[in-house]
Amino acid sequence: MKNILIVVDMQNDFIDGALGTREAIAIVPKVEEKIREFEGEVFFTRDTHEACYLETQEGKNLPVPHCIRETEGWQIRRELDVLRKTEPVDKETFGSRKLAEKLAALNEKEEVGSITLVGLCTDICVISNALLIKAYLPEVPISVDAACCAGVTPERHENALKAMEMCQIKIIR
């Protein structure tokens, strides 16, 4: 059985860039340690928008340009990126069907023992991907490491953790 770690959107714009927070900065060393110590395969996602971001549905609701392809803000945080062994899964929206399909295909070849998610933002992309993966792989144990995630605010982080727990996603505290 193979264990999987998903590192969600640990990009400069979400850490200390356009949408950065103190909480996001604080989890970087914890995420780095998690990746280094993880026994299994590690995948990264990368929020990816084009220059026309403000014209999109998301851009109209969150009018802060971020993670624009090929910009410094789009890049995965350097100390984490050096640990990456596979191409990141670029995603243009909160949850990635491509990632969920990749995990489902992997599970068909070799049974996946567990999937753990870490990253940003707990209340947007982490929860979206956790629930999407749960829909594709309902029998695979899925967990989220709360100490390696940060939300838009601490309150929204906690709300997202509670919502995921209600959907049978284990929260590691």
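The legends below describe several close-up views of one predicted model.

The structure is a predicted model, in which local features need pLDDT of at least 70 and side-chain atom pairs count only at pLDDT 80 or more, while totals for chains, interfaces and linings use all residues. Residues are numbered from 1 along each chain as its sequence is written, and side-chain values use heavy atoms, with hydrogens and water left out.

**View 1. Six strands form an open sheet with parallel pairing.**
The strands, which like the helices are DSSP runs numbered from the N terminus (at least two residues of E for a strand, at least four of H or I for a helix), follow the order E3-E2-E1-E4-E5-E6. Two strands are said to pair if DSSP finds at least two bridges between them. Strand E3 (89-91) and E6 stand at the edges, each with a single partner strand, so one side of each is left without a neighbour in the sheet. From one strand to the next, the twist averages 25°.

**View 2. Strand E1 pairs with both E4 and E2.**
Parallel pairing joins E1 to E4 over seven bridges, with Val112 of E4 as the bridge partner of Lys2. Towards E2 the parallel pairing runs over four bridges, and here Val7 stands opposite Phe44 of E2. Five of the seven residues of E1 are buried (under 20% relative accessible area, whereas exposed means over 50% and partly exposed lies in between, with a 1.4 Å probe and protein chains only), so E1 is largely enclosed by the rest of the structure. Helix H2 (residues 22-37) lies across E1, E2, E4 and E5, and runs at about 130° to E5; such angles run from 0 to 180 degrees between N-to-C directions, with axes fitted to C-alpha atoms, for helices over the stretch in contact.

**View 3. The largest nonpolar core has 29 residues.**
A nonpolar core is a set of buried Ala, Val, Leu, Ile, Met, Phe, Trp, Tyr and Cys residues joined through side-chain atoms within 4.5 Å. The residues with the most contacts inside the largest core are Ile6, Leu103, Ile115, Leu117, Ile133, Val144 and Met164. At least two residues of this core come from each of strand E1 (2-8), helix H5 (97-109), strand E4 (112-120), helix H6 (122-136), strand E5 (142-150) and helix H7 (154-166). Apart from it lies another core, of 23 residues, among them Val7, Met10, Val42 and Trp74. In soluble globular proteins, nonpolar side chains tend to be buried together.

**View 4. Helix H7 has buried residues and, on its other side, exposed ones.**
His157, Ala160, Leu161 and Met164 of H7 are buried, and, seen down the helix axis, the buried residues fall within an arc of 100°, so they line one face of the helix; the arc is that of the directions from the axis to the C-beta atoms. On the other side of H7, Glu155 and Met166 are exposed. The buried residues of H7 pack against H6, E5 and strand E6 (170-172), where contact means heavy atoms within 4.5 Å. Leaving aside residues up to four places away in sequence, Met164 touches Thr122, Val126, Ile127, Ala130, Val144, Ile169 and Ile171.

Most residues other than glycine have a negative phi, and most peptide bonds are trans.

**View 5. Thr71 lies in the loop between H3 and H4.**
Thr71 is partly exposed, with a relative accessible area of 30%. Although Thr71 and Asp13 are 58 residues apart in sequence, their C-alpha atoms are 9.5 Å apart in space.
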